[in-house]
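Q: Could you take a close look at one part of this structure for me? I'd like to hear about the salt bridges and what surrounds them.

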Amino acid sequence: PDPLTAGVHLKIPFWQTVTHYNIRTQAYTMSSVQSASDYDADESIQARSRDGQEVTMDATILFHVAANDAPVIKQTLGNEDDYYDVVIKPKSRSVLREIVARYDALDLVSEKRAEIVTEMNQALTTSMADNKLSLDEVVLRDINFSADFSEAIEEKQIAFQKIKTAEYQKQEAEQLKDKKIIEAQAEAEAIKLKGEMLKANPGVIQFEFVQ
């Protein structure tokens, strides 16, 4: 019931056995691109968003085993390979899918992404704690959509940019219009003033004619 600390310990041969647990932070990676350093990595998570879009996510679950919880984990889950297969893998994939299903696809790539990751961390922390495992962090990396949906997003962005451009051009045209109106009003006022001046001083016309 009392875990041994790191270091050298005596045990009775053939009577006592020692089960080793890694208490450092471990990583469970779910990614379409895997490296040799990824321990027992799996493929990306396939999920469906609230608006019915298929989402593919790359994520890493960082967790650790608390030394004092090792005896309970040994009794209920077994060795390291056992709790990977029984808890870490299925719960990680299940919780992330469940959270994604509460949001629309575009929320995953908008300002709501931080909120989604926070919710994933909270839900998985609670889920793992039931089995005496401690979550450090959920790292949500690449998010991809179906080709059709990605194309629709791109078209929407292009349309949005066209709208913004049109609005800018409209504002520019209105400013130019206002400028011309002001110039015309100024010119009309100048003509009016000149006419009044000529009317008041007829000799100026003769002077202009001579010139």
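A: Asp 85 is partly exposed in this predicted model, because its relative accessibility is 47%, and buried would mean under 20%. Its side chain meets that of Lys 89 in a salt bridge, 3.4 Å from N to O. Lys 89, on the other hand, counts as buried, at 14% relative accessibility. Both sit in helix α2, and because they are four residues apart there, about one helical turn separates them. Salt bridges with shared partners also tie Glu 98, Arg 102 and Glu 119 into one network.

Stay with helix α2 for a moment, since Arg 93 is another residue to look at there: the helix covers residues 80-100. Arg 93 is buried too, with a relative accessible area of 15%. Setting aside neighbours within four places in sequence, its contacts include Tyr 28, Met 30 and Asp 42, along with Ser 44. Ser 44 is 49 residues away in sequence, yet the C-alpha atoms are 9.3 Å apart in space.

Now for the rest of the salt bridges, of which the structure holds five. Arg 50 and Asp 104 pair up through their side chains at 3.1 Å, N to O. That pair links distant parts of the chain, 54 residues apart: Arg 50 is in the loop between β2 and β3, and Asp 104 in the loop between α2 and α3. Asp 104 is partly exposed, at 27%. Then there's Arg 48 with Glu 54, whose closest N and O atoms are 3.9 Å apart. Here Arg 48 is partly exposed at 48%, and Glu 54 is partly exposed at 39%.

Terms used. Residues are numbered from 1 along each chain as its sequence is written. This is a predicted model: local features need pLDDT of at least 70, side-chain atom pairs count only at pLDDT 80 or more; totals for chains, interfaces and linings use all residues. Side-chain values use heavy atoms; hydrogens and water are left out. Helices (H or I, at least four residues) and strands (E, at least two) are DSSP runs, numbered from the N terminus. Buried means under 20% relative accessible area, exposed over 50%, partly exposed in between (1.4 Å probe, protein chains only). Contact means heavy atoms within 4.5 Å. A salt bridge is a side-chain nitrogen of Lys or Arg within 4 Å of a carboxyl oxygen of Asp or Glu.
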